[in-house]
Amino acid sequence: MYQVIKMYGDFEPWWFVDGWEEDVTEARTFERYEDAVAVFQKEWVRLSEQFPMKKLKNGTLAAFWNEDDQYWCEECDEYLQRYHSLLLVETKEGLAKQATMPRVRPCKLKQGNY
């Protein structure tokens with residue numbers, strides 16, 4: 001089975017930090033890889049047209065953002081970017097299970113504290 005997952009949060013999707021599932025806004029499951037790819041590609045085009053900034057990793061993990069979509073993090077003492085993410089993953093059951101990293105603030109990742 002395959003899933004196309006949409007997320008919104010302060011991490012790019014390739015981090016798969018512990019609790020990443022909390023940022024999921026939509027998940028669609030497909031039996032056939034070709035069907036999942038078609039939906040992923042259609043959504044990728046839509047998000048690309050909507051957001052000026054984008055980054056793609058491994059061809060199946062994408063982050064889209066607008067530099068104005070940030071929020072203030074008291075712990076970090078800085079503004080953090082929010083991302084609209086799109087993933088195409090293979091699953092066995094339920095949401096994709098990926099190796100996860102402990103939940104840390106994005107500013108801590110930038111500082112190399114992880």
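Biologist: So a helix here is a DSSP run of H or I that is at least four residues in length; which helix do Arg 46 and Glu 43 lie in?

Modeller: In this predicted model, Arg 46 and Glu 43 are both in helix α1, which covers residues 33-50, and they sit three residues apart, about one turn of the helix.

Biologist: And how far apart are the closest N and O atoms of Arg 46 and Glu 43?

Modeller: The closest N and O atoms are 2.4 Å apart, and Arg 46 and Glu 43 form a salt bridge, because the rule asks for a side-chain nitrogen of Lys or Arg within 4 Å of a carboxyl oxygen of Asp or Glu.

Biologist: OK, how many salt bridges does the count come to?

Modeller: The count comes to five salt bridges, and one of them joins Glu 26 to Lys 6, with the closest N and O atoms 3.2 Å apart. Glu 26 belongs to strand β2 (residues 24-30) and Lys 6 to strand β1 (residues 2-9), so this pair ties together parts of the chain that are 20 residues apart in sequence. Glu 26 itself is partly exposed, its relative accessible area being 34%.

Biologist: Which residues are linked in a network of salt bridges?

Modeller: The network links Lys 6, Glu 26, Glu 43 and Arg 46.

Biologist: What about Arg 32, which residue does it form a salt bridge with?

Modeller: Arg 32 forms a salt bridge with Glu 34, and there the closest N and O atoms are 4.0 Å apart. Arg 32 is partly exposed, with a relative accessible area of 46%, and Glu 34 also counts as partly exposed, with 49% relative accessibility.

Biologist: Changing topic, what pattern does the whole chain follow?

Modeller: Along the sequence the pattern is β-β-α-β-β-β-β-β-α, which comes to two helices and seven strands.

Biologist: And how much of the chain do buried residues make up?

Modeller: Buried residues make up 42% of the 114 residues. The protein chain exposes about 7000 Å², and carbon and sulfur atoms supply 46% of that area.

Biologist: Last one: what share of the contacts with a separation of 6 or more comes from residues 24 or more positions apart?

Modeller: Residues at that spacing account for 61% of those contacts in the protein chain.

Terms used. Residues are numbered from 1 along each chain as its sequence is written. This is a predicted model: local features need pLDDT of at least 70, side-chain atom pairs count only at pLDDT 80 or more; totals for chains, interfaces and linings use all residues. Side-chain values use heavy atoms; hydrogens and water are left out. Buried means under 20% relative accessible area, exposed over 50%, partly exposed in between (1.4 Å probe, protein chains only). Contact means heavy atoms within 4.5 Å. Accessible areas come from the Shrake-Rupley method with a 1.4 Å probe; for residues, only the protein chains shown count as cover.
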